[in-house]
Every structure is written in C-alpha cells, then in structure tokens.
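Dear colleague,

Please find below the sequence and structure that I am handing over to you.

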Amino acid sequence: MHSVLEALDNFGGIYLAMFLFAILSGVFFLANSEAVLIALGAASSYSWPQLILLAVLVALGQSVTHAMVFQSGRGLARAGAKRRPKLEARLARARELGARWENSERLLIALGATIGIPPQVVIALLAGVIGIRFRTFVAIDVTGRILRFTTIVVVAHLV
C-alpha cells in the first residue's frame with residue numbers, strides 16, 4: 001500500500017488522484033471509491049485530517065459527475081424529443097415516475113447520496129429530466145456524499 005501511495009504522491013498527489021478517480025467512479029461502477037477509501041482508511045498511515053480530506057474530495061468528485069449527469073438529463077428533457085417518439089415515450093415515463101415521488105423527491109435524493117440505494121447517478125438523471133431545482137439537488141448530493149464517504153473512511157480506520 002505504501003509504495004502505491006508514494007507513486008501517487010510523485011504524480012500530482014493522492015488528493016488529485018482520488019478526486020479524478022471519484023469523477024470516474026460516479027458513473028463507472030467498476031471504479032469503486034468506497035473500496036479505495038476502505039483500503040486507505042485501514043492500511044495507510046494517513047492522519048485523521050488527511051483521511052477526512054480524502055473523503056471530502058471523493059464526495060466532491062462524485063458530486064461533479066452527478067451534476068453533469070443532472071444537466072445531461074435536463075438537456076435531454078429540453079431537446080427536441082418530439083421528433084423522436086421513442087425518446088419522448090421514455091421521458092414521459094420518467095416524468096410519471098417523478099410525479100409519483102413528487103412529495104418525497106428530496107428524500108429520494110438523500111437516500112441515493114448517503115446509502116446509494118437507488119444509485120445516485122440514476123437519481124441525478126431522473127432529477128434533471130423531471131425538473132428538480134439544480135441547487136436543491138447539488139446541496140443534498142454534496143452533503144449526503146460527504147457524510148457517506150467520511151463515515152466509510154472513519155469506520156475503516158477505526159476497525
């Protein structure tokens with residue numbers, strides 16, 4: 001573990017590497033930020049502030065990805081979907097699903113951000129399509145992700 005960390009420090013640092021890795025892991029499920037944070041928390045000699053900073057950077061990296069997915073969903077909903085009947089049908093189903101969760105949309109975003117069920121990337125796309133306010137989504141996403149990854153790294157370091 002230490003040789004990997006030393007190599008990362010030579011190429012821009014562990015902080016930049018983890019932020020970039022988190023952006024990737026926000027949509028590519030095989031890149032698992034949780035597993036990396038567990039390994040760092042359990043096997044590294046990083047101090048508490050360093051581990052917390054890594055967790056926050058991972059949270060911010062994934063939130064950047066979720067914001068881009070959200071905006072993609074919003075753009076998809078605004079695009080000329082009327083010219084594509086299949087796309088319009090899928091958007092209509094997404095809006096119906098969103099209408100069923102209308103009173104609980106913030107709870108759904110918070111669940112995805114903190115426990116990951118449903119996956120936050122799916123929630124981000126749906127939130128963009130159905131028209132949830134961007135700043136509401138980002139505020140809940142960033143807060144939930146920071147709580148999630150901080151908890152993961154703290155528990156891994158304690159165990």
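The notes below concern a helix pair, a salt bridge and a further helix, in that order.

Please bear in mind that this is a predicted model.

Helix 2 (residues 13-25) and helix 4 (residues 48-78) have axes that come within 7 Å of each other and cross at roughly 35°. The crossing of helix 2 past helix 4 is right-handed. On the side of helix 2, the contact is made by I14, Y15, M18, F19, A22, I23 and S25. Helix 4 contributes Q50, L53, L54, L57, V58, L60, G61, Q62, V64 and T65. Of the residues in this contact, 12 are nonpolar and 5 polar, with no charged residue.

The count of salt bridges comes to 1. E34 pairs with R148, and their closest N and O atoms lie 2.6 Å apart. E34 counts as buried because its relative accessibility is 18%, under the 20% cut-off. R148 is likewise buried, at a relative accessible area of 17%.

Helix 7 (residues 120-130) is mostly covered, with 8 of its 11 residues buried. The buried residues are Q120, V121, I123, A124, L126, A127, G128 and V129. Just after helix 7, G131 adopts a positive phi of about 90°.

With kind regards

Key: Residues numbered from 1 in each chain as written. Predicted model: local features only at pLDDT ≥ 70, side-chain atom pairs only at ≥ 80, totals over all residues. Heavy atoms only, no water. Buried < 20%, exposed > 50% of the residue type's maximum accessible area, 1.4 Å probe, protein only. Helix = DSSP H or I, 4+ residues; strand = E, 2+ residues; numbered from the N terminus. Axes fitted to C-alpha atoms, helices over the stretch in contact; angles between N-to-C directions. Left-handed = near helix turned anticlockwise from the far one by under 90°. Contact = heavy atoms within 4.5 Å. Nonpolar A, V, L, I, M, F, W, Y, C, P; charged D, E, K, R; others polar. Salt bridge = Lys/Arg side-chain N within 4 Å of Asp/Glu carboxyl O.
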